[in-house]
Structure formats: C-alpha cells, structure tokens
Amino acid sequence: HCYLAASTVHRWLDGAGKRAQASVDGQLAGIAHPQAVGTDGLWTRLKGQAQRVVLLVVDSVSGLLYPPTVAKGEESAKPWQRLFERAQQAGLDLAVLRGVTSDGAPGLLAYLRRSLTWVQQQRCVWHLWRNLGGELAKAASRAAAGLTGEAAEQARQQARAELAGLMHQIVDAHSYEQAEAALATLLGHPLGARIGQLLNEQLDRVLVHLLDYYKGLPRVTPEWYWRDFRLRLSRGRNHRSDQRLERAALVWAIYHNFEPAQWRSERKRHYRHPGQSALEVAGAPPGKVSYLDALGV
C-alpha cells in the first residue's frame, strides 16, 4: 500500500505554484488585447481565522484569466492597483482598456479614478439586485402594515411586484431616457422613495453599457469562476498563509486558461464556448500542450 499524506500533496501543489509565480512576467503577452474586463473577489479563511480575499481580472470576451492576487481586503485602492499591475506584467494592455464590470467595491472605483481615468466602471446588476433585496423586502412589509393573514400577504406580494417591475425597467432599460422615466415613477411611488434614491446614486454606472463606446461591456461580474476554484484541492485554509493561497490561485488561473469548457449545460449554467479553452477563444489554441506541461509537471 502507498500512503500519501495530504500535506505531501499540498507541498507538491505549492511547488507548482512557485513555478506559476515565476512565469507571471509576459505570461499572456500578445495573446489578447481586451477592451472590457470583469473583476471579482473571493473571501477565504486561513490559519487562525485570518480572512483574505483572492482578486481576479478576466477578459470578458474570451474568458482568459490574468494572474490573481491575494489581499487582506478590497476596500482601498492599493489591492486593486496590485491586481492590475500584475495583469499588466502578464500582458494586459491597460492603455486600450475601456470598461470594467465589477461589484460596488469602493477600492476599485478609487483606483480607476486615480490611475485609469479613461476606464468606466459598469456596475454588476446581480450584486445590485442582491444589495437592494433588503430594501425591497422592507418596502413590501410596510405595504402590509396593519393587515393580517391573507390580506397582508397579498399586499406584500402586490407591492413587491410593482416595485420590482419599476426596478427592472431602470436596470434593464434600453436607453437613458427610458431609465430616467422609470426612475421618476419609482421615486413617486409611495413605497419606492428609498430604493429610487439608491438607484439614482448608481444610475450612471448601471447604464454604462448603453453608450456606444462601451458596447459589449458585460453587466455581470465573473462570479461563476469561483466555482471552479472551490472544486480544486488546493484552496482555502489548507494553505495557512497568504503566499501559499496566492500561489494556488496562480496555478488555478493557468489550469482555467488551458482546460476546455464542458460541452454539457447545467440547470443554471450554459457555457458560451463549449469544448474550447480560454486560450483557444483568445486566438492562441494550446493544442496538445496541457496546463501541467505549462507548469513543467
């Protein structure tokens, strides 16, 4: 029998991570020149309940992952600066970048305003709906105040449907004029003032994709990428340190770029380029070279 300890496997994986770290410089140079990218972060726990966030930036067209970074938080501009500087080191041309799809992280917005002034932020509509869900529930509850039983439930459902319909007209508008008209109606709704104010604050960033210069900018962050990361053995608290977590993320990025997407569809997921890897979609098919070959394993 061969007894293989988990620590041995993680030591091997960390060795691959060191090789991935050494290959960051020029790793994706000349492969793609994206004008639209998406960003997101995944929080994880290390030894001693320490919290860290893995940050990624991805080509919105090909799905090509640039080398991720690990930070203690995402509220300041510094972690995002390091992420984009590493992506630039790997081959991302920041000069041709037009838009970034992201959640409401203030650190990213601060970095864009300070260093990439020509780049617009498209607010992720999925995160926006999640953040406004609480306000929507509160407004629906106010509609049922003083009522009981079935009458209260009907009042809640009716208010929720009215407010959600107006919110959809704003977030999914086909023009600024349509969005502003729906916003005025929402602000005038007896229960919609608070939601309308919050949407008004985000309106310009929610509708960036409508401008001709930013056509094709996705409206949702690459949240689903973390599913593949969670399925890998080398993730999370197993690393015990920031450095090991980051090296594991670098290995995962190379794996993602080389491995073809699945042909099959899932209940909530349809692959845009089934059977093709991100490198192939970006115009640099790896052929018979696997991610293990790229890591020298």
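Q: Which residues of α7 are buried in this structure?

A: An α-helix has 3.6 residues a turn, so residues three or four places apart point the same way. In this predicted model, the buried residues of α7 are Ile195, Gly196, Leu198, Leu199, Gln202, Leu203, Arg205 and Val206.

Q: How many residues does α7 have, and where does it bend?

A: Helix α7, which runs over residues 193-206, has 14 residues, and the distance from its first C-alpha to its last is 18 Å, close to the 20 Å expected at 1.5 Å a residue. At asparagine 200, α7 bends by about 40°.

Q: Which residues of α4 are buried, and what covers them?

A: Buried in α4 are Val125, His127, Leu128, Leu132, Glu135, Leu136, Ala139 and Ala140, and their cover includes β1, β5, α5 and α7.

Q: What is the volume of the second largest pocket, and which residues line it?

A: Rolling a probe the size of a water molecule over the atoms shows where empty space is left. Here the second largest pocket has a volume of about 200 Å³, and its lining consists of Asp40, Gly41, Leu42, Trp43, Glu74, Asp103, Gly104, Arg123, His127, Arg130, Asn131 and Glu223. The largest share of this lining, four residues, comes from β1, while β1 (36-45) and α4 (125-143) each supply at least two residues. By kind, the lining residues divide into six charged, four polar and two nonpolar.

Q: Is histidine 256 buried or exposed, and where does it lie?

A: Histidine 256 lies in helix α9, which covers residues 242-258. Its relative accessible area is 17%, and because buried means under 20%, histidine 256 counts as buried.

Q: Which residues is histidine 256 in contact with, leaving aside its neighbours within four places in sequence?

A: With those neighbours set aside, histidine 256 is in contact with Gly63, Leu65, Tyr225, Asp228 and Ala278.

Notes. Residues are numbered from 1 along each chain as its sequence is written. This is a predicted model: local features need pLDDT of at least 70, side-chain atom pairs count only at pLDDT 80 or more; totals for chains, interfaces and linings use all residues. Side-chain values use heavy atoms; hydrogens and water are left out. Buried means under 20% relative accessible area, exposed over 50%, partly exposed in between (1.4 Å probe, protein chains only). Contact means heavy atoms within 4.5 Å. On a 1 Å grid over the protein atoms alone, a cavity is a set of points where a 1.4 Å probe fits but cannot get out, and a pocket is an open set with protein on both sides within 12 Å along at least five of seven lines; lining residues have an atom within 4 Å of a point. Grid points are joined across faces, edges and corners, and a volume is the space filled by probe spheres set on the points. Ala, Val, Leu, Ile, Met, Phe, Trp, Tyr, Cys and Pro count as nonpolar, Asp, Glu, Lys and Arg as charged, and the others, Gly among them, as polar. The expected span of a helix is 1.5 Å times one less than its number of residues. The bend at a residue is the angle between axes fitted to the seven residues ending there and the seven starting there.
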